[in-house]
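Open the model in a viewer and keep the selection panel at hand. The stops below go from a helix pair to a sheet and then to a chain contact.

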Amino acid sequence: MNPERFRCVLISDFNLDIFSGYLNNNEDLPAVHTTVAPFGQVIPLLMQDDLKLWQNNFDFTVIWTQPEAVIPSFKNLLEYKRPSIQEILGEVDQFASLALNVCDKVKTVFVPTWTFPPYMSGFGMLDMKKDIGIANVLMQMNLRLSEKIDGSSNMHLLDAHKWISAAGKYAYNPRLWYRGKIVFGNDVYKEAVKDIKSALAGIQGLSKKLIILDLDNTLWGGVVGDLGWENIVLGGHDPGGEAYVDFQTALKSLTNRGVLLGIVSKNEETTALNAINNHPEMVLRLKDFAGWKINWQDKAQNIVDLVSDLNLGLQSVVFIDDNPVERARVRDTLTEVFVPEWPVDCLLYRSALLSLRCFDTPLISSEDIDRARMYAHEQQRNELRKSLSSVDEWLTSLGIKILIDELTGVNLQRTTQLLNKTNQMNLSTRRMTENELLDWVKGDNKKLWTFRVSDRYGDSGLTGIISLEMKNDHCRIVDFILSCRVMGRKVEETMLFTAIRYAKGLGLKKIKAEFIPTPKNKPCLDFWEKSGFHISENGRTFTWELDKEYYLPRQVEISHA
Amino acid sequence: MVSSEKIIQVIFEAIDELNEQLPKEERLEKSLNKVQFGSGGNIDSLRLVSLMTTLEQKIEEQFGITIAIFDHLASSENDNLFNTVASLADFLVSTMENR
C-alpha cells in the first residue's frame, strides 16, 4: 500500500462532501482521492459484496455513522424508551460483522467511534447509569465495536470524541444538518483528516522514529554554558522547572512507543554532558539518547551526520528547537525533516509534544518497544568496533546468532510491519497488508523466511525478510529486506545463503534479483553491487548460477525455528 | 457600530476556511467586487451552505449576533442581494445596525 495518491471511498448515513473536500485538498502527505458513496445507504453498501463500487480496489474506506442511524435500539434509547443492553449490543455485533466484511474488499478500513451531540442532556444525572444512561450505553457500544474488530489487522477504530472536543461549541451544528444533511462542523472534519492522514503515513511506514532535540531552553531553561549545570531551570518549585521535567518525562515515555531520542546542540560537549549526567532533576540521562552531536557546527549538518550514524533516513526525523532561526534553517535545508512550530512558553512544551501525530503506527511491536534499548546496545557495539583492529575481528567478537523461520501466525504482524516500513535495505519496496502477505505466501511456488538477529549485546528482533518465487528452472528474489539496525553484520549474506541453499535443493539453475529503485533504497543497491552476483548491463538485475557455492558467513551461527 | 472593514475581514476568514475544502483552481478569491455567490457565482449549493454557515458562526463568535445569512440568500427575491463580498458586507452591516 504505497500509492502516489490513496484512493478512498467514504461511506456514511450523512453527507460527507465537506469532509471529502478537506481530505482531498489537505496538502499534507500522503495525498488522497475520495469517492463519496451515496449517503444513507450504509447497510446495503456493507451487505452487498457484488456492488460495482467494491471492484475499484480502494486503498481505504471510512465508515462514519451516527449511532442512531445504524443501531435502531439506540435510536429507541434516545427517545427515552427502554431497549435492553443485550438488544443494543446485539445490533452492534451485527454492524461490526458487516463492517468486517469490508476488510476483504479494501486494504484499510477506518471507523470513527460513535458520538452524540454535547448539547443533548440525555438522562442528566442518570446518563452514566449502567445499561440505562445514553452516555453509558454509547461507551459500551464503542467498546463492543472495538472488541469485535480486535482480530482484524486492517480495520482501525478512530476516536471521534477527540475531534468533537477539539472542535468545541460548533462540533455539531444543527443548521448544517437541516441545510445539507451535514452532521459535523468543519473543525471536526479537519481533526479527522489529521488523524486519517497520520494513520495512512504510519501504514506507509512514514511515521517518525527519531526526535532530535536542542538542549538550552528546550530540554532545560537557560544557557548551560553561561549558568553552569547547577543553575539551569529544571525541576524544583518553579512552574518553568516543573514544565521542563514534564517535557522530559513525556519524551522518555515516547521511547516506550519505539521513538528514539537524539541531541543536536550548539554547546561545549563536556559542559552539556555534565548537565545531563549530574543534574539531579534530569529525567533523560545519556543512556536515553541514541546519539548526539554537541558542538558549534551547523545544526543541519549535525542532523545529517547523526541520522547517518544511526542508519536512519532524514524522513524519520522530528527536530525540536526553541530557536525559530534554527528551526527555519533546518526546515529550509532538510525538507524531509519534520520541524514543528514550537511554543515560546515552556509551559506549553509538553502539550505541544503530545499533540504531534507523526509517531502513529498501525501497531506497536515488541521490537518498537525495545528500540531505544537496542540503540543503546548499538553504541556498545560501536565502542567495541573502535577497540578492535578489523571489521572481521569485530563481527567475530559479536557472536552473531540468526534464527530463521517461515511466515507464521506468530510473526505475521512483525513481518508485515517490517515489510511496510523498511526503506533503505529493500529490494522491491512492496507494501502489503497482513492478509495480502499471507495470501501471497500461500500461493504456488512462493517461499518466505524471516530472520531474527541477536548477539552478545542483545536481541535485535525480527529484522530480515527474504522471499522467493520459483518459475521453471530458476527463482526470483521478490523481497530482500533488512532493518537498518543490523545492516553490515553479515545478515544480508545469511539471507542469500538461505535462499540459495533452498533453490539448490529444488534443483533450480539460477536465482535472480531485480532491484527496483526508490528515492531511499540506494544502500540496497550498494549491497547487491558487492554481493558477488552477476550484474546485468542495466545494473538492476543480479544473477547467481546455482552450480556455484555460496558460503554461510563464518561469523554467523544459524538455527531454524 | 460595526465597521465594514471588520466584517470584510470576517468574510475573508470564512472564505479561507472554504478554500481548504476546494482544489486550487476552484478556490474563491478574496476580492471585494467579484461576483462569487448567488446565481452568478460558481460555487455549488453545498459549498454555499458551508461558507454561509461558517460566516454565521464567526459573526456569532465575534459580535454575539445571530444572523441566518443562508436563509436570506436562499430566498429567491434576494438571489442577487449579496453576490459579492462587498454587497454581503453591506447587508451584514445594515442588518447588524438594525438590531
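Select helix 5 (residues 85-101) and helix 6 (residues 134-148) of chain A: they pack at an angle of about 40°, with their axes 9 Å apart. Axes are lines fitted to C-alpha atoms, for helices over the stretch in contact, and angles run from 0 to 180 degrees between N-to-C directions. Helices (H or I, at least four residues) and strands (E, at least two) are DSSP runs numbered from the N terminus.

This is a predicted model, in which local features need pLDDT of at least 70, side-chain atom pairs count only at pLDDT 80 or more, and totals for chains, interfaces and linings use all residues. Residues are numbered from 1 along each chain as its sequence is written, while chains are lettered from A and ligands numbered from 1 in the order in which they are written.

Helix 5 of chain A contributes A:Ile85, A:Ile88, A:Leu89, A:Val92, A:Asp93 and A:Ala96 to the contact (C-beta atoms, placed from the backbone, within 7 Å). Among the residues from helix 6 of chain A are A:Val137, A:Met141 and A:Leu145.

Next, select the sheet of chain A: 5 strands form an open sheet in the order 2-1-3-4-5, with parallel pairing (at least two DSSP bridges between two strands). Strand 2 (31-36) and strand 5 (155-158) of chain A are at the edges with a single partner strand each, so one side of each lacks a neighbour in the sheet. The twist averages 25° from one strand to the next.

Zoom to strand 3 (residues 60-64) and strand 4 (residues 108-112) of chain A, joined by 3 bridges. Here A:Phe60 stands opposite A:Thr108.

Finally, show both chains: the contact takes 12 residues from chain A and 12 residues from chain B. Helix 1 of chain A gives the most to the chain A side, with 5 residues.

Note on methods: Two residues are in contact if their C-beta atoms, placed from the backbone, lie within 7 Å.
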